[in-house]
Amino acid sequence: MGCLGGFRAVTKGELDKLRAVPRKDRVPDYLDEMETADSFDVDKAWDAMHRALTGSRLEFGNAPAPGCWVVLGGEVLRGDREGEEDYLVVCKSPEQVRQVDRFLQGLTEEAFRKLYFAIDPEEYNYPMDAVDFGYTWEYLSGSRPFWHSAAEKGLWVLFDVDQ
């Protein structure tokens, strides 16, 4: 199980500033100083959220869309190169944000329960039970207003996690 993760909604201007920063410096201190339109913390629930939405895979990638874009899908700004394992930053475009918003608005608890309990327990390496499901669903469903606001405003969304 990873560490604490969260989402940050940013403008194109703020994203361009981040892209101009050397990859090694795209760390919490820098991101915490960025001007964000909104943010939403997902604690450690990001791990199960991503696995449930991607068929148990805890890896970067853009399939299956749009569920993969909630956490580790999108443009990797830090974390996919050697020496960057301590901190991950992944960016979602405004179009991906709109698709995630529509996807999450239509995702029911029942449908997510099926995805969650389809996670390979050996890959997840954390007890899968009703408590963990509830924790994960609470954060995922709780993120809906964040995604909707970012989509309406045409913002980019960053997911970052300190490993």
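Setting aside residues up to four places away in sequence, glycine 74 touches Gly61, Asn62, Trp69, Val90, Cys91 and Gln96, where a contact means heavy atoms within 4.5 Å. This is a predicted model, in which local features need pLDDT of at least 70 and side-chain atom pairs count only at pLDDT 80 or more, while totals for chains, interfaces and linings use all residues. Residues are numbered from 1 along each chain as its sequence is written, and side-chain values use heavy atoms, with hydrogens and water left out.

Glycine 74 sits in the loop between helix 3 (46-54) and strand 3 (75-78); helices (H or I, at least four residues) and strands (E, at least two) are DSSP runs, numbered from the N terminus. With a relative accessibility of 15%, glycine 74 counts as buried, because buried means under 20% relative accessible area, exposed over 50%, and partly exposed in between (1.4 Å probe, protein chains only).

Glutamate 75, which lies in strand 3, forms a salt bridge with arginine 19, and their closest N and O atoms are 2.4 Å apart; the term salt bridge stands for a side-chain nitrogen of Lys or Arg within 4 Å of a carboxyl oxygen of Asp or Glu. Arginine 19 belongs to helix 1 (residues 12-20), so the pair ties together parts that are 56 residues apart in sequence. Glutamate 75 is partly exposed at 34% relative accessible area, and arginine 19 is partly exposed at 28%. Both residues also take part in a network of salt bridges that links Lys12, Asp16, Arg19 and Glu75.

Another salt bridge joins arginine 78 to aspartate 86, with the closest N and O atoms 2.7 Å apart. Here arginine 78 is buried, at 4% relative accessibility, whereas aspartate 86 is partly exposed, at 41%. By the same rule, the count of salt bridges comes to 15.

Which residues form a salt bridge whose closest N and O atoms are 2.8 Å apart? They are aspartate 160 and arginine 8, and since aspartate 160 lies in strand 5 and arginine 8 in strand 1, the pair ties together parts that are 152 residues apart in sequence. Aspartate 160 and arginine 8 are both buried.
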